[in-house]
Amino acid sequence: MEVGEVYSSRQLDKDEGKQINELIARSQKPIPDPDEWLDEEIKRNILLTTVDAILDWGRRASLWPAVAFPACCAFEFIATEASRFDLSRFGMEFIRASPRQADLMITAGTLTWKMAPQIKRIYDQMAEPKWVIAMGACAISGGIFRSSYSVVPGYNRIIPVDVYVPGCPPRPEALIYGIRMLYQKIDKTSLFGEDK
Amino acid sequence: MTLALSGKEIAKQIEKKFPGSVAESTADSLLVKAESLLEIAGYLKETPGLDFDYLTAITAVDYIDCFEVVYQLTSLEHNHSLVLKSRCYNRDNPTLPSVVSLWRGADFQEREIYDLFGISFEGHPNLKRIVLWDGFQGHPLRKDFL
């Protein structure tokens with residue numbers, strides 16, 4: 001047999017058609033759901049909880065940060081996000097480019113007065129409920145640049161801050177600890193206005 | 001490696017062409033008078049053999065009795081460089097001619113110097129603050145700021 005015959009485009013088409021026809025013949029019935037028995041089990045059970053508990057759980061278990069990282073703390077945040085520290089363990093793998101899809105602002109870096117209106121704008125665009133973690137010395141107080149003419153001495157001059165994570169920069173463990181602190185805070189909020 | 005030309009050698013050439021325009025020359029730099037800065041800069045850019053076609057950087061220094069603006073020039077063709085300086089002694093309204101017409105790269109850097117030192121560049125197409133916001137009081141890199 002000549003090589004040209006085996007690898008001719010006509011032969012390839014024939015092989016492909018044969019494979020597809022076989023697949024169609026094999027696939028005449030849907031594959032049964034391996035978890036079908038679950039339905040029956042759940043029907044026989046009732047789960048009781050409070051609205052607050054399920055709402056707070058839903059809110060804290062998938063916080064989505066907005067993109068607002070003006071300076072070097074951002075690199076520690078990137079390390080936190082990357083595979084070694086793996087922030088997606090906490091349902092936080094998404095960093096939303098649009099603040100309208102985010103509910104957490106991690107303020108990683110020095111803020112200048114010229115940048116401040118933009119940060120305020122990003123915060124205002126985020127949908128309620130929303131939280132802010134001040135990450136690093138600059139975010140907390142302006143850090144070593146505090147006395148500068150152009151630096152905002154702490155994000156809390158611009159937006160309300162929920163959790164302060166000290167460090168210059170904080171290590172990823174510290175940031176994760178701060179996020180865990182925020183979880184506790186969210187868990188204590190109530191739908192009816194008063195904290196539990 | 002880029003060859004740094006001696007300011008003294010260049011000063012001799014420039015004194016021939018523009019008498020009385022050089023204020024001081026050392027092995028490292030060439031200090032020219034503000035009123036002849038633009039024509040000397042043009043001469044350095046256009047003269048064959050010098051051909052300073054690339055402006056590496058502009059910066060400024062506050063010596064309290066005067067402001068010194070430093071132009072670091074390079075010739076890509078001959079791979080040599082020169083440090084050109086000029087001074088303005090008027091602290092209330094320091095002014096120098098703009099070199100944007102010669103090197104477009106001077107645009108943002110002159111705006112930065114205007115912003116942080118308050119030195120006006122005459123002939124600049126768009127002289128306004130670049131780093132700080134409009135309405136900021138003072139010029140932060142001046143020694144008497146604060």
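In the predicted model, helix H4 of chain A (residues 51–60) packs against helix H8 of chain A (residues 172–187), with axes that come within 9 Å and cross at roughly 155°. Since angles over 145 degrees count as roughly antiparallel, H4(A) and H8(A) are therefore roughly antiparallel to each other. The crossing of H4(A) past H8(A) is right-handed. On the H4(A) side the contact is made by Asp56(A), Trp57(A), Arg59(A) and Arg60(A), and on the H8(A) side by Tyr183(A), Ile186(A) and Asp187(A). Sorted by class, four of the residues in this contact are charged and three are nonpolar, with no polar residues.

H8(A) also meets helix H5 of chain A (residues 73–81); these two axes come within 9 Å and cross at roughly 75°. An angle of 65 to 115 degrees counts as roughly perpendicular, and H5(A) and H8(A) are therefore assigned to that class. H5(A) contributes Glu76(A), Phe77(A), Ala79(A) and Thr80(A) to the contact, while H8(A) contributes Pro172(A), Leu175(A) and Ile176(A). By class, the contact of H5(A) with H8(A) comprises five nonpolar residues, one polar residue and one charged residue.

Lys185(A) pairs with Asp162(A), and their closest N and O atoms are 3.1 Å apart. Over all chains, the structure holds 10 salt bridges.

Between the chains, the contact takes four residues from chain A and eight residues from chain B. The area buried between chain A and chain B is about 480 Å², and carbon and sulfur atoms give 73% of this area. Of the area that chain A buries against chain B, 92% is supplied by Trp113(A), Lys114(A) and Tyr149(A), more than by any other three residues.

Key
Residues numbered from 1 in each chain as written. Chains lettered and ligands numbered in written order. Predicted model: local features only at pLDDT ≥ 70, side-chain atom pairs only at ≥ 80, totals over all residues. Heavy atoms only, no water. Axes fitted to C-alpha atoms, helices over the stretch in contact; angles between N-to-C directions. Helix = DSSP H or I, 4+ residues; strand = E, 2+ residues; numbered from the N terminus. Parallel < 35°, antiparallel > 145°, perpendicular 65-115°, else oblique. Left-handed = near helix turned anticlockwise from the far one by under 90°. Contact = heavy atoms within 4.5 Å. Nonpolar A, V, L, I, M, F, W, Y, C, P; charged D, E, K, R; others polar. Buried area = accessible area lost by both parts, 1.4 Å probe. Salt bridge = Lys/Arg side-chain N within 4 Å of Asp/Glu carboxyl O.
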